[in-house]
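Have the viewer open as you read.

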Amino acid sequence: MTSERGRLTALYGGLLVLAGVLLVGLVYLLVRDTLHSSISTAVTTTVPFTDLRSADWQKAAPALRAEPGQLPHLGQAVPAQYAATRRISNAAEDAALESLLAVSGVALGLFSAASIALAWWMAGRVLRPVGVITARARRLSGENLHERLALKAPPGELKELADTFDGMLDRIEQLVSAQQRFAANAAHELRTSLSVQRAAAEIGLADGPSPEKVARIREKLIETAGESEQLIEGLLLLAVSDQGLQRREPAALDTIADTVATGLAQDALRRDITLETSVRPLTVRGDTVLLGHLVHNLAANAVRHNHPGGRVRVRVSSEGLEVSNTGPVVPPETVPRLFEPFRRVRERHHAPGEGAGLGLSIVASIARAHGARTTAVANPGGGLTVRVTFPRT
């Protein structure tokens, strides 16, 4: 049998037929053991015996169970009626057993046919949700990932399977949508940079520009090329971190945070931003280079998206890393989307040092690779607080 319905039918039907056979056999054994004594008693109480006294009959009655020719001597010849009674009892017993077997066989045959039909129906009913799941799963594609099984069935294993399948489709749809947005945003970012470079070359260098204009165009082209290079490096880093860690080694997160803060001190001073650090010894297992990118992206974003006179605080504790900054007010409902690639609080204006919008997405990817959890909350006065909690080693 190649179908699950056929296998279940054979299993259910076989069990029902086996139960019927056992029941018929048990009934036959019980009837056979009690039928002889019942028939003998019935015959001896209905057939008249005038040749013996009552006391002699009481002695002779047990002899009816003996084989002909083996009747015991009762003080006088056993009458011929005893042998006739014995033959009547045996014939009645044989006839009753044969009738019982015939009727039981017919009943067992009907019961077997009904059992197989019932087993086939039961198997089909049990497997009906599986058929629904299979049919809908075959129809699913990239164009209709929004469809769900929404199986209407009583609670049970199949209902749980369908709900789990729907949950998996939710995650796949979110992943596909995120990948589509990522590809579209990456193409838009790269096309914008190329368009700026082309416009600068075609328009700025037309009609014999002056040396000063050529110098400005040169600076603009170099700046745009640097942004494109930064974008490509961010995409490569995101791809590397999404692949997971190739090796794990002890990494001092406090030392990494100090090094990053020292490297950003001049940029923070130039922007009139106070950069504070508060670190305690914390060693995690992971990739030191990727962890450096994680801390740098958080701290650099906190410095970049700030205002003059603002503050950035980098703190390392036994729980992990926390980076908090002042700055523009961030709507709380937009915070979860900031961890998606190319997502910003405000639209990009292509200002110098604005960034490509990959900072927090890279942070989230590196954190996942290290088994860490990333959370962010909008500060009431403006800015953002991002926490990266590492698993305890």
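In strand S7, arginine 387 is the bridge partner of threonine 375. This is a predicted model, where local features need pLDDT of at least 70, side-chain atom pairs count only at pLDDT 80 or more, and totals for chains, interfaces and linings use all residues. Residues are numbered from 1 along each chain as its sequence is written, and side-chain values use heavy atoms, with hydrogens and water left out.

S6 and S7 pair in the antiparallel sense over six bridges; pairing takes at least two DSSP bridges between strands. Helices (H or I, at least four residues) and strands (E, at least two) are DSSP runs, numbered from the N terminus.

Zooming out, the open sheet has five strands in the order S2-S4-S5-S7-S6, with mixed pairing. S2 and S6 stand at the edges with a single partner strand each, so one side of each has no neighbour in the sheet.

Angles run from 0 to 180 degrees between N-to-C directions, and axes are lines fitted to C-alpha atoms, for helices over the stretch in contact.

| Helix | Residues | Strands | Angle |
|---|---|---|---|
| H6 | 253-270 | S2, S4, S5 | about 170° with S2 |
| H7 | 288-304 | S4, S5, S7 | about 15° to S5 |

How do the axes of H6 and H7 cross? They come within 9 Å and cross at roughly 40°. The contact includes Leu253 and Ile256 of H6, and Leu291 and Val295 of H7.

How values were computed:
Contact means heavy atoms within 4.5 Å.
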